[in-house]
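Colleague: Hi! Could you walk me through this one? I'd like to start with the spaces inside.

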Amino acid sequence: MTDRPNVFVFFTDQQRWDTVGAYGSPMDLTPNLDRSADRGTLFERAFTPQPVCGPARSCLQTGQYGTETGVRTNGVPLPDDAPFLADQFNDAGYRTGYVGKWHLASEEPVPESARGGYEDYWRVADVLEHSSHPYEGVVWDEAEQPVEFEGYRVDELTEMALDFVRESADDDDPFFCMLSHLEPHHQNDMESYVAPEGYAWEYRNPWVPEDLAGHAGNWYEHLPDYYGICRRLDECYGRVLDELTELGVRENTIVVFVSDHGCHFWTRNREYKRSPHEASIRVPLVVDGPGFENADVSDLVNLIDLPPTLLDAAGIEVPDPMQGDSTVPLVDGDADWKDDVFVQLQERERGRVLRTDRWKYVVTDPKGDSVSDGEYTERYLYDLYDDPHEQRNLIGRDDHRGVADALKSRLVDRIETVEGERPSISNADHHA
């Protein structure tokens, strides 16, 4: 094995950041991940660039926002000319493999031309929630042949990814592997969350996060299973670490735990995500391995920063078209870092979000257009120091007009930088 680090990304779907003990969860769901957070780098405040599956995944594969790739909504395939993360690893001599949910091709099985550059191992369903259930299903391999499984889906996908790791361990070339779970996302055709047998009972009296408590939604029926799923994901994360250790490659492998977006359980709109609130846009992010030892990062980071981070950590040049920034200098304590994150909303409502250390400022298009005409209206303003659970919308209040105007100016600049247009934003009347 060369001294170039392997990279393994353990990617979950719709997992709240506060399910993780390292972020303060009292449920003890993630002992393996918590140990990685102690040993490696805990990114204390990480955010998705867009809180919906397909666009968030496109950002992770390209380092570009959905407005740049065209993947603004679910059901849009990746373009052919994006700076694919896997291609950069291929060009650097890595073996590349992907397992699980893709959601970036709009056809099944996914043809080779739509796989984002993953060359050596492929066990994938484009929309896994349609091809499988919690205890059975099918993915497709490199030759577009079906690979059926029976057993808990989290376990089965983890084992497939470990097969690729085992194949790679004796090779002279390093590997880049992404394991993309569907869990803890709900099973669409059942409108339910399904924990392993007995796990929901263990969490039958769940801790209820303060942003959910007292609000209408369906959290009261789903939290026990949701927490049980998160526990099983952590157990499988622990299996990955154990296998890397047994194969003798643990110390030379960067292991990332991350989710595409969070879950608000119908408390902010009539579904689980697609909102600008912390429950929807804030995600867990832990990186453990060479170059990420014993650090906590409190700065605001965006998942758009993860592709350049992984390339930088592996000593691979970051392509200019990537719109994020490597966090490696930030982890090393030597970075002049941005003091906000920018989030795009494109499904359910079209909007833009600026999240700073203290404030969250959100604008939306009252017409609901999926493609911008450059006109927005103020929708939310939250003071996250006084109101971390976003219960009091301050937008339109005279006593916060100065704050809103300053944030508006910053957001206009961010939209112009990212999207190439300078929008207009209308002031809002106050509404709670």
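Colleague: How do the residues lining the second largest cavity divide into nonpolar, polar and charged?

Modeller: Keep in mind that this is a predicted model. The lining of the second largest cavity has four nonpolar, four polar and two charged residues.

Colleague: Which residues are they?

Modeller: The lining is made up of P134, R153, E183, H185, H186, Q187, S192, Y193, V194 and I229.

Colleague: And what volume does that cavity have?

Modeller: For the second largest cavity, the volume comes to about 30 Å³.

Colleague: How many cavities of 30 Å³ or more are there?

Modeller: There are two cavities of 30 Å³ or more in the structure.

Colleague: What lines the largest cavity?

Modeller: Around the largest cavity you'll find F43, L285, V287, V301, N302, D305, L306, T309 and T327. Five of these lining residues are nonpolar, three are polar and one is charged.

Colleague: Switching topic: what's the strand order in the five-stranded sheet?

Modeller: The sheet is open, with mixed pairing, and its strands run in the order β13-β14-β15-β16-β17.

Colleague: Which strands sit at the edges?

Modeller: Those are β13 (340-345) and β17 (424-426), each of which pairs on one side only. On average, neighbouring strands of this sheet are turned by 30° against each other, ignoring direction.

Colleague: What holds paired strands together in general?

Modeller: Strands in a sheet pair through backbone hydrogen bonds, in either a parallel or an antiparallel way.

Colleague: So are β16 and β17 parallel or antiparallel?

Modeller: Strand β16, residues 375-383, pairs with β17 in the parallel sense, over three bridges.

Colleague: If I want to look at that pairing, which residue of β17 stands opposite E375?

Modeller: Look for S424: this residue of β17 stands opposite E375.

Colleague: Great, thanks for the tour!

Terms used:
Residues are numbered from 1 along each chain as its sequence is written. This is a predicted model: local features need pLDDT of at least 70, side-chain atom pairs count only at pLDDT 80 or more; totals for chains, interfaces and linings use all residues. Side-chain values use heavy atoms; hydrogens and water are left out. On a 1 Å grid over the protein atoms alone, a cavity is a set of points where a 1.4 Å probe fits but cannot get out, and a pocket is an open set with protein on both sides within 12 Å along at least five of seven lines; lining residues have an atom within 4 Å of a point. Grid points are joined across faces, edges and corners, and a volume is the space filled by probe spheres set on the points. Ala, Val, Leu, Ile, Met, Phe, Trp, Tyr, Cys and Pro count as nonpolar, Asp, Glu, Lys and Arg as charged, and the others, Gly among them, as polar. Two strands pair if DSSP finds at least two bridges between them. Helices (H or I, at least four residues) and strands (E, at least two) are DSSP runs, numbered from the N terminus. Axes are lines fitted to C-alpha atoms, for helices over the stretch in contact, and angles run from 0 to 180 degrees between N-to-C directions.
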